[in-house]
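Subject: Predicted model, handover and notes

Dear colleague,

Please find the structure below, followed by notes on what was found in it.

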Amino acid sequence: MPPFPDFANSTLFPTFASLPLATDDVPPDTPPYHLIGTVSENMTLSTSPTFICKDPSGSPFALTLRIPAALVKAGVQGGGYDVSGFKKGFAVVVPGARRSGVSEGKQGFVEVPVGEVKIIPASVKKLIEMGDKEKVVGRKRSEREGRECCQACGKEMEAGKLSRCKGCESVWYCDKNCQMLGWSEKGHKGECKVYRAVNSAFPDRGRLA
Ligand SMILES: [Zn+2]
Ligand SMILES: [Zn+2]
């Protein structure tokens with residue numbers, strides 16, 4: 001399993017203010033980056049769904065979703081498109097985001113086809129915390145080739161002797177008891193779906209480490 005993305009890395013996950021403009025020439029060899037933001041409110045005023053999100057520095061920015069023209073219902077707010085997945089407190093992930101509409105006194109916004117945005121059921125703050133924790137685990141992992149720690153009791157063993165969570169394939173357990181303990185008392189119930197969403201938002205995340 002490639003490493004968990006380092007969400008605290010400001011080159012890979014820049015702030016809104018440091019994004020290139022939509023009108024800038026971006027060199028083709030620019031390393032891949034993603035804008036991440038925690039959805040804070042829906043402020044859709046037209047047929048384009050628009051959300052205010054908070055970037056990794058806590059600064060707000062507007063994210064406007066471009067929905068396929070064939071699906072837009074004229075005169076309906078948000079174009080009648082189902083944006084119920086964009087829940088308050090969830091993180092949006094926008095690959096290669098650029099700022100549009102920037103002029104004197106206007107910070108602009110990010111406009112992106114809805115299909116390019118991924119949603120993770122956790123805030124940016126939580127993702128940064130999980131990334132920091134995973135960095136420590138990753139360091140240990142590279143020191144002890146082929147060994148893993150049980151997420152519940154912390155016991156270290158050959159990975160082959162532990163069983164892996166089938167939901168996210170990102171944590172390991174000694175046995176059924178530890179798996180139950182890990183799920184309920186050690187917080188994996190909340191994190192399993194986050195790992196799963198991160199795995200699908202960053203399928204080639206090895207390059208992000
Ligand atoms: Zn255990
Ligand atoms: Zn899991």
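In these notes, donors are N, O and S atoms within 2.8 Å of the metal (3.2 Å for Na, K and Ca), and sites may look incomplete since water is not among the atoms. This is a predicted model, in which local features need pLDDT of at least 70 and side-chain atom pairs count only at pLDDT 80 or more, while totals for chains, interfaces and linings use all residues. Residues are numbered from 1 along each chain as its sequence is written, chains are lettered from A and ligands numbered from 1 in the order in which they are written, and side-chain values use heavy atoms, with hydrogens and water left out.

Zinc ion (ligand 2)

The protein donors here are Cys165 (SG), Cys168 (SG), His188 (NE2) and Cys192 (SG), at 2.1 to 2.4 Å from the ion. Their spacing along the chain is C-x2-C-x19-H-x3-C. Cys165 sits in the loop between S9 and S10 and Cys192 in helix H3, so this pair ties together parts 27 residues apart in sequence. (Helices, H or I of at least four residues, and strands, E of at least two, are DSSP runs numbered from the N terminus.) The arrangement is tetrahedral because the four donor atoms subtend angles of 103 to 117°; the term requires all angles of four donors to lie between 85 and 135 degrees. For reference, the ideal angle for four tetrahedral donors is 109.5 degrees. Cys165 is buried, at 6% relative accessible area, and Cys192 is buried at 2%. Buried means under 20% relative accessible area, exposed over 50%, and partly exposed in between (1.4 Å probe, protein chains only).

Zinc ion (ligand 1)

Cys150, Cys153, Cys174 and Cys178 each supply SG to this ion, at 2.2 to 2.3 Å. The spacing is C-x2-C-x20-C-x3-C. Cys150 lies in the loop between strand S7 (147–149) and strand S8 (156–158), and Cys178 in helix H2 (residues 176–184), so the pair links parts that are 28 residues apart in sequence. Both Cys150 and Cys178 are buried.

Annotation and loop

An unreviewed UniProt entry places "domain: MYND-type" at residues 150–192; positions follow the numbering used here, feature names are shortened, and annotations may be inferred rather than shown by experiment. The end C-alpha atoms of residues 150–192 are 15 Å apart, and the span is 33% helix and 16% strand. Glu169 is in the loop between strand S9 (163–164) and strand S10 (172–173). Its phi is near 55°, a positive value in a residue other than glycine. Glu169 is partly exposed, with 42% relative accessible area.

Largest pocket

The largest pocket holds about 370 Å³ of space. Of its 18 lining residues, Glu134, Val137, Cys149, Gln151 and Val171 are the closest to its centre. (A pocket is an open set of points on a 1 Å grid over the protein atoms alone, with protein on both sides within 12 Å along at least five of seven lines; lining residues have an atom within 4 Å of a point. Grid points are joined across faces, edges and corners, and the volume is the space filled by probe spheres set on them.) Helix H1 (124–143), S7 and helix H3 (188–201) each give two or more residues to the lining, and H1 gives the most, with six.

Whole chain

The protein chain has three helices and 10 strands. Of its 209 residues, 37% count as buried.

Regards

Note on methods
On a 1 Å grid over the protein atoms alone, a cavity is a set of points where a 1.4 Å probe fits but cannot get out, and a pocket is an open set with protein on both sides within 12 Å along at least five of seven lines; lining residues have an atom within 4 Å of a point. Four donors count as tetrahedral if all angles lie between 85 and 135 degrees; four count as square planar and six as octahedral if opposite donors are over 155 degrees apart and all others between 65 and 115; anything else is irregular.
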